[in-house]
2 protein chains.
Amino acid sequence: MSFDVLQDKIRAAKNPTVAGLDPKPEYVPPHIRRACYDQYGETLEGAAEAIFRFNCGLMDALSGLVPAVKPQSAYYERLGWRGMEVLERTIRYAKEKGFYVIADVKRGDIGSTAQAYSDGWLGSVKVGEADLPVFDADCATVNGYMGSDAIQPFLEDCKARNKSIFVLVKTSNPSSRELQDLVAGDRVVYKVMGDLTQRLGKDTEGKYGFTAAGAVVGATYPSDLRDLRRRLEHTFFLVPGYGTQGGTAEDVRFAFDKYGRGAIINSSRGIMCAWQKTGRDGQDFQEAAQAAAIAMRDDIKQYVTIL
Amino acid sequence: MSFDVLQDKIRAAKNPTVAGLDPKPEYVPPHIRRACYDQYGETLEGAAEAIFRFNCGLMDALSGLVPAVKPQSAYYERLGWRGMEVLERTIRYAKEKGFYVIADVKRGDIGSTAQAYSDGWLGSVKVGEADLPVFDADCATVNGYMGSDAIQPFLEDCKARNKSIFVLVKTSNPSSRELQDLVAGDRVVYKVMGDLTQRLGKDTEGKYGFTAAGAVVGATYPSDLRDLRRRLEHTFFLVPGYGTQGGTAEDVRFAFDKYGRGAIINSSRGIMCAWQKTGRDGQDFQEAAQAAAIAMRDDIKQYVTIL
């Protein structure tokens with residue numbers, strides 16, 4: 001299954017991290033923005049093109065070093081169809097460069113609507129006799145508030161196409177507790193979501209024992225992370241919250257199993273914005289991103305050995 | 001506030017319903033699909049163009065009769081950027097025709113990412129000195145599993161721009177019970193979500209007493225609908241599940257307050273696919289949609305008088 005592909009890439013790079021591609025405008029170095037506005041004007045097209053050049057530069061710098069990228073749909077959607085066109089190109093470029101691509105879309109809807117989302121992000125679309133891939137990521141994030149109706153259609157595509165999903169279980173943000181930490185009987189809500197995720201993934205275990213239905217579990221609640229790791233032994237974890245949000249390497253070690261497998265740690269700002277700390281106005285964004293990715297990898301490797 | 005705008009449109013049309021624009025390929029009459037494939041080939045562009053023509057035909061037929069439309073993002077996203085371009089055009093056309101536009105996107109993310117979604121769907125985007133609207137709907141649906149961090153940024157844009165949102169509270173699908181019906185202390189999870197929604201909307205009440213933070217509450221659980229109506233007197237309801245999913249006019253009457261206000265009932269398939277029941281191969285899709293919309297309106301008006 002698809003998490004085998006990811007785990008193999010992690011082992012090859014000896015690096016259990018994913019670079020978020022969340023291109024807020026202020027993350028894009030000024031010289032790239034300027035060049036694009038000169039060429040396309042101060043338009044959505046200009047802003048989208050700036051994002052694409054920045055993404056490609058980052059991926060060139062991180063290729064071979066970081067095994068996966070995670071574009072965050074919101075930063076493309078906010079530029080309308082121009083942004084979505086650039087997201088399609090970004091995913092295509094990432095796959096050419098050998099990255100495992102996690103589309104961070106957090107979609108959640110039911111039945112045939114969930115199927116439509118899955119068609120677009122993981123599967124393909126029939127038009128007349130043609131069968132056309134669209135965004136075609138390796139993996140997507142899913143919101144399960146509506147229950148298994150929102151998750152199941154994605155899993156069918158995962159099985160058919162060797163892909164995977166991450167369901168939001170316990171997120172890294174402060175207000176995640178408002179819903180996710182409610183105690184229902186003998187289980188907290190996020191554990192109910194975790195159990196549901198593992199149950200729906202049943203019979204899709206790959207060679208490392210993980211199902212196609214992974215879970216998003218934040219680094220900012222390390223004891224929850226440890227509990228969930230023990231509870232969901234067949235569930236691969238995507239872990240946001242390292243770095244800027246306060247999660248440390250010591251915290252995220254709880255996400256891994258005893259073989260150092262089953263988790264990937266995200267950094268977005270830490271890598272994308274590394275250039276803002278060197279005082280060189282972004283001309284060195286590639287070297288800065290590389291250095292930040294190496295520092296993050298080495299930080300985590302103090303606590304985790306990947307077998 | 002923005003729900004005043006919607007309630008005024010409902011009162012003017014004497015019709016508390018919204019037409020879902022969920023254009024699955026098989027919903028589009030064959031003659032429209034054929035014309036577009038002939039012109040653009042069996043491509044994503046051809047499929048997107050077919051959707052646009054169908055949407056425009058429906059809106060021409062429903063204008064003045066139905067006060068609002070609700071495009072479901074999944075059916076546009078599955079066609080990639082071509083679909084998103086058509087979604088932009090659909091929203092623009094709908095506003096020109098006087099419809100209140102609810103973008104059914106069910107987005108849910110935190111902080112600056114929620115802000116990015118809100119920029120795109122409700123607000124505008126700064127590019128250099130320019131300030132550009134993007135999808136620019138009147139209202140969007142939001143998933144609050146991540147807590148108030150996922151809702152608050154949208155509400156700020158609602159206040160600034162006289163817009164509104166609907167937060168998923170109790171959805172109409174069978175598996176909604178898996179998470180939403182868990183009992184946490186003295187409250188069911190969906191009531192916690194409802195209370196949170198009403199609390200976050202505080203101080204945005206308009207002339208009819210409703211805040212800018214509405215709630216999605218399905219027609220398929222009428223007793224929950226009645227409880228929530230009593231509990232959340234300042235919350236406008238978007239009610240899916242009427243018709244094909246089994247909700248009846250008798251069920252949905254519980255969504256309204258004593259003045260017959262505070263709710264809008266959705267129908268997607270019932271209106272879009274009405275042509276499939278007339279045996280005329282879709283040539284009459286406009287008349288069929290009109291007749292279905294009138295029948296739905298009159299069905300609900302048996303139980304609800306809008307003051």
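Tutor: To compare two copies, we superpose them by least squares on the C-alpha atoms of residues with pLDDT of at least 70 in both. This is a predicted model, in which local features need pLDDT of at least 70 and side-chain atom pairs count only at pLDDT 80 or more, while totals for chains, interfaces and linings use all residues. Residues are numbered from 1 along each chain as its sequence is written, and chains are lettered from A and ligands numbered from 1 in the order in which they are written.

Student: What rotation superposes chain A on chain B?

Tutor: Two copies of a chain are related by a rotation about an axis and a shift along it. Here the rotation is 180 degrees with 0.0 Å of shift along the axis, and it superposes chain A on chain B with an RMSD of 0.0 Å. The two copies are thus related as by a two-fold rotation axis.

Student: Which residue of chain A comes closest to the rotation axis?

Tutor: That is Ala184(A), whose C-alpha lies 2.2 Å from the axis.

Student: How many residues of chain A are in contact with chain B?

Tutor: Counting contacts as C-beta atoms, placed from the backbone, within 7 Å, 60 residues of chain A touch 60 residues of chain B. The largest share of chain A's side, seven residues, comes from helix H6 (residues 111-121) of chain A, where helices (H or I, at least four residues) and strands (E, at least two) are DSSP runs numbered from the N terminus. Because 100% of the interface residues of chain A are also interface residues in chain B, the copies meet through the same surface.

Student: What does chain A contain, and what does its C-alpha trace span?

Tutor: Chain A has 13 helices and twelve strands, and its C-alpha trace spans about 60 × 55 × 35 Å along its principal axes.

Notes
Two residues are in contact if their C-beta atoms, placed from the backbone, lie within 7 Å.
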